[in-house]
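Let's take a walk through this one together. Have the sequence and the 3D view open side by side.

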Amino acid sequence: MTKPTALVTGLGKALAIRLAPTHNLILCDLNPDPAFMKSLPSAIFVKANVADYKEFEQVFKAGIEKYGEINILVNNAGITESVPFPTSNEEDWKRVVDVDLNGVIIGCRLALDYLSNGVVINVASVAGLTGFAFQQPIYTAVVGLSKSMVLFCKRKGLRVNCICPGFVRTPLVTASEKKGYKTTGNLVDINLVVDGFIKIINGKMTGQVYSVTKDGISLHAFNEKELIAKI
Ligand SMILES: NC(=O)c1ccc[n+]([C@@H]2O[C@H](COP(=O)([O-])OP(=O)(O)OC[C@H]3O[C@@H](n4cnc5c(N)ncnc54)[C@H](O)[C@@H]3O)[C@@H](O)[C@H]2O)c1
């Protein structure tokens, strides 16, 4: 049987390493990491900006040319704010919205044209479910986008789910700390987040939102029926 093919943006190193034995991999990032790419010689790496529709589309095209089809899209690329909100300017927040939200919207749109028989996984954050960061509304929007994509994806035979990790020790968090942001003491093991991705990839669920904290992976309950009954 041929291997399924996964396109992961923002490198997603730990996920790529876990998927490599069983999946074809297309890794898309703005910043090449030659040492990492060397460690995964069978993966293809495409340098692209996910906030640029045409560039991101080229990544899908390159993947299909190489592997015939793409089954999994992980919208993982992201950046963090460069300054605290009270001292930020228009450029600061537009830059973050462009990558962390528009990049995910573009990925979802392209998935409808280029993904087959698989799943889209959008990466948001527990901040999008709770609210303690400048980026909270962006992450909340990614959660909402994932829910609103369910029907469009279903029509194309795809699933879509969202994963919301707590703080994970990655270059993004280290960069935030250097700027003076405090993380909670409850750092999440990156392997738990990867377990969340694998659970979604191997499962049958769609339209679900999972948080990943130090205690593990939990389904975020929405009580949608209750809410819909009230509107
Ligand atoms: N680390 C955490 O604590 C944490 C918690 C919750 C959510 N997240 C989210 O998880 C995702 C991954 O974060 P991470 O911690 O692994 O960050 P990271 O900085 O380690 O990795 C993000 C990657 O995205 C790439 N990237 C940035 N802008 C891009 C663009 N325009 N196009 C293509 N690639 C681009 C960067 O080069 C980098 O390799 C992000 O969306 C982040 O918001 C992270």
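Predicted model: local features only at pLDDT ≥ 70, side-chain atom pairs only at ≥ 80, totals over all residues.

Residues are numbered from 1 along each chain as its sequence is written.

Start with the sheet. Eight strands form an open sheet with mixed pairing, in the order β3-β2-β1-β4-β5-β6-β7-β8. Strands here are DSSP E runs of at least two residues, helices are H or I runs of at least four, and both are numbered from the N terminus; two strands pair if DSSP finds at least two bridges between them. At the edges stand β3 (44-47) and β8 (216-219), each with a single partner strand, so one side of each has no neighbour in the sheet. From one strand to the next, the twist averages 20°. Zoom in on β1 (residues 5-9) and β2 (residues 24-29): they run parallel and are joined by five bridges. Leu-7 sits opposite Ile-26 of β2.

Now for the helices. The axes of α4 and α6 come within 10 Å and cross at roughly 10° (axes are lines fitted to C-alpha atoms, for helices over the stretch in contact, and angles run from 0 to 180 degrees between N-to-C directions). α4 and α6 are therefore roughly parallel, the label for angles under 35 degrees. On the α4 side the contact (C-beta atoms, placed from the backbone, within 7 Å) includes Val-96, Leu-101 and Cys-108, and on the α6 side Ile-138 and Leu-145 are among the residues involved. The contact residues divide into 10 nonpolar, no polar and one charged, where Ala, Val, Leu, Ile, Met, Phe, Trp, Tyr, Cys and Pro count as nonpolar, Asp, Glu, Lys and Arg as charged, and the others, Gly among them, as polar.

What about the ligand? Of the 25 residues around the ligand, Gly-10, Gly-78, Ser-125, Thr-170 and Leu-172 come nearest. By class, that shell has 14 nonpolar, nine polar and two charged residues. Helices α4 (90-114) and α8 (171-178) each supply at least two of its residues.

Finally, two single residues. Asn-117, in strand β5 (residues 115-123), has a positive phi of about 50° although it is not a glycine. Most residues other than glycine have a negative phi. Gly-144 lies in helix α6 (residues 136-148), and its C-alpha is 9.3 Å from that of Cys-162, 18 residues apart in sequence.

Terms used: Near = placed C-beta within 6 Å. Parallel < 35°, antiparallel > 145°, perpendicular 65-115°, else oblique. Contact = placed C-beta atoms within 7 Å.
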